[in-house]
Amino acid sequence: MSTASAAAPRTGSVLADLLPASRTKDIALVVGGAALTGIAAQIAVPVPGSPVPVTGQTFAALLIGAGLGAGRGFLSLALYALVGMAGMPWFANGTSGAGGASFGYVLGMMLASTVVGALARRGADRSVLRTAGTMVLGSAIIYAVGVPYLAASTGMSLTAAVAAGLTPFLLGDALKAALAMGLLPAAWKLVGRRG
């Protein structure tokens, strides 16, 4: 029997669980996840005809959920949202506050991070195909909250909100999912080799 397989991380863990357990670690991970999301939100590309830019924050939110797990992932995104609502200019394009047309996506990211984290704890981030499904589900959750919020906050019809707040982002989301499909399973393989 190989000692590497005996020491390999088991299902029920997320990547953050591989660090020594402490409250300080958890606080640092939550604050770090919020900061990473704020930094990733500054990678913003305007989309013609849409008040919502393409950003890196959705990718960060899904990776944070997968890496930190449901609880820490939710807390990271909740901290990100609360600090942004309080005036920290770290939403897309350096904005803040809860009144923007894209704030629904921030709310959706909190829920998506939680769901992705729960799935990751069940091993959904350890193979390419399962990671793809997890990222697609996380993105769908973000849109399920963000698009109706966009429609309500701008007065758009739901059809117009889908055209402005979902359709232009599908290619970018596919690329983000492909990147996650490479990163997360590779991280688990690296950890397994070191174990």
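The crossing of α3 and α5 is right-handed, a crossing being right-handed if the near helix is turned clockwise from the far one by less than a right angle and left-handed if anticlockwise. The helices named here are DSSP runs (H or I, at least four residues), numbered from the N terminus. This is a predicted model, in which local features need pLDDT of at least 70 and side-chain atom pairs count only at pLDDT 80 or more, while totals for chains, interfaces and linings use all residues. Residues are numbered from 1 along each chain as its sequence is written, and side-chain values use heavy atoms, with hydrogens and water left out.

The axes of α3 and α5 come within 7 Å and cross at roughly 35°; axes are lines fitted to C-alpha atoms, for helices over the stretch in contact, and angles run from 0 to 180 degrees between N-to-C directions. On the α3 side, Q57, T58, A61, L62, I64, G65, A66 and L68 meet V106, M109, A112, S113, V116, G117, A120 and R121 of α5, where contact means heavy atoms within 4.5 Å. By class, the contact of α3 with α5 has 10 nonpolar, five polar and one charged residues. Ala, Val, Leu, Ile, Met, Phe, Trp, Tyr, Cys and Pro count as nonpolar, Asp, Glu, Lys and Arg as charged, and the others, Gly among them, as polar.

Helix α5 (residues 103–121) also packs with helix α6 (residues 128–154), their axes coming within 7 Å and crossing at roughly 155°. That makes α5 roughly antiparallel to α6, a term for angles over 145 degrees. α5 passes α6 in a right-handed crossing. Residues making the contact include F103, G104, Y105 and L107 of α5 and T134, M135, L137 and G138 of α6. No charged residues take part in the contact of α5 with α6, which has 18 nonpolar and five polar ones.

The axes of α2 and α3 come within 8 Å and cross at roughly 160°, which makes α2 roughly antiparallel to α3. This crossing of α2 past α3 is right-handed. In α2, L29, G33, L36, T37, A40 and A41 meet Q57, A60, I64 and L68 in α3. The contact of α2 with α3 divides into seven nonpolar, three polar and no charged residues.

| Helix pair | Axes come within | Crossing angle |
|---|---|---|
| α3 and α5 | 7 Å | roughly 35° |
| α5 and α6 | 7 Å | roughly 155° |
| α2 and α3 | 8 Å | roughly 160° |

The largest nonpolar core has 42 residues, of which L77, Y80, Y105, V106 and M135 touch the most other members. Such a core is a set of buried Ala, Val, Leu, Ile, Met, Phe, Trp, Tyr and Cys residues joined through side-chain atoms within 4.5 Å. Elements giving two or more residues to this core are α2 (23–41), α3 (57–68), α4 (70–85), α5, α6 and α8 (170–194). The most come from α5, with eight residues. Not counting residues up to four places away in sequence, Y80 touches A34, T37, G38, A41, Q57, W90, F91 and V106.

K25 lies in helix α2. It is buried, with a relative accessible area of 13%; buried means under 20%, exposed over 50% and partly exposed in between (1.4 Å probe, protein chains only). Leaving aside neighbours within four places in sequence, K25 is in contact with A16, D17, L19, P20 and R72.

L190 lies in helix α8 and counts as partly exposed at 41% relative accessibility. L190 and Y143 are 47 residues apart in sequence and 32 Å apart in space, C-alpha to C-alpha.

Conventions: Angles under 35 degrees count as roughly parallel, over 145 as roughly antiparallel, 65 to 115 as roughly perpendicular and the rest as oblique.
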